[in-house]
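User: I would like to learn how to read the features of a model. Please take me through one.

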Amino acid sequence: MERGELLYEGKAKRVYRTDRPDRYLVEFKDEATAFDGKKRGTIADKGPLNNRISAYFFALLERAGIPTHYVETVGDREMLVQAVTIIPVEVVARNIVAGSLSKRLGLPEGTPLSQPVVEYYYKRDDLGDPMINCSHVVALGLATAEELHRMRELALQVNQVLKEHLEPKGIVLVDFKLEFGRVDGQIVVADEISPDTCRFWDRATGEKMDKDRFRRDLGGVTEAYTAVWRRLTGEEPDV
Ligand code: C5P
């Protein structure tokens, strides 16, 4: 598959056109940012690890009947995806209080939520991705009411599938962020699902196995991402 025009460059990925109009190529970078780009760095092997971990989760979701943009892995840090139009709403699902929810509501990190919480953020780097509610999403024309309903339903399904899959592997799914795309009149899970976009805690030790290690200068970032792969597959990553 030929790599064509660069369509989009984000903090952690580049998206290219290909010689097929219905396929894009996603390249995962080692660069990491946090706090709306105020903190920057490079995490060794992050791109190849997130490429593998995302492919693993997309395949898992597809097997559970949840549509995703994933087509196939085509390189060490490259995956082929369906050419979708990204809906500019980041959907966060939470099982346990952490991060911004802890700050916003003054609740200690680790407080269990009695049911999953779903939040919406307007995907706008220049505004720092502000939190919005369902009526903002519809009134601003970011998605229709039907699309929003479907995104919420899919986010809760993804939560259930990931949580149940990770539990026997000793990983607690604290929260995660999804992006969705439109293709052929369907809403599909897009972007990535990786330790950059999820909070994973070791069930036995409570140790963080995700990007919070970078955000909070805890060290051992590559080791934590590698450990997620090892827990998922029982194998060492070939990166
Ligand atoms: O920072 P906050 O607590 O709101 O993050 C919730 C979840 O969404 C975390 O798993 C975080 O990694 C993810 N997230 C993300 N991209 C953002 C904001 C949050 O992947 N822009």
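This is a predicted model: local features need pLDDT of at least 70, side-chain atom pairs count only at pLDDT 80 or more; totals for chains, interfaces and linings use all residues.

Analyst: The end C-alpha atoms of residues 6-231 lie 34 Å apart, and the span is 30% helix and 35% strand. Helices (H or I, at least four residues) and strands (E, at least two) are DSSP runs, numbered from the N terminus. Residues are numbered from 1 along each chain as its sequence is written.

User: In what order do the five strands of the open sheet run?

Analyst: Two strands pair if DSSP finds at least two bridges between them. Here the order is β1-β2-β3-β7-β6, with antiparallel pairing. The edge strands, β1 (6-9) and β6 (70-75), each pair on one side only. Within the sheet, β3 (residues 23-28) and β7 (residues 78-82) are joined by five bridges, and V26 stands opposite M79 in β7.

User: Which strands does helix α1 touch?

Analyst: Contact means that the C-beta atoms of two residues, placed from the backbone, lie within 7 Å. Axes are lines fitted to C-alpha atoms, for helices over the stretch in contact, and angles run from 0 to 180 degrees between N-to-C directions. Helix α1 (residues 46-63) packs on the sheet and touches β3, β6 and β7. The direction of α1 makes about 150° with that of β6.

User: Why does V161 count as partly exposed?

Analyst: A residue is buried if 20 or more other C-beta atoms lie within 10 Å of its own, exposed if 12 or fewer, and partly exposed in between; C-beta atoms are placed from the backbone. V161 counts as partly exposed because it has 18 C-beta neighbours inside 10 Å. V161 lies in helix α4 (residues 145-166). Leaving aside neighbours within four places in sequence, V161 is in contact with L60, L61, A64 and I66.

User: How many residues surround the ligand?

Analyst: A residue is near a molecule if its C-beta atom, placed from the backbone, lies within 6 Å of it. The ligand is surrounded by 14 residues, the closest being G99, S100, K177, T197 and R199. Two or more residues of the shell come from each of β9 (89-96), α2 (99-105), β12 (171-183) and β14 (198-202).
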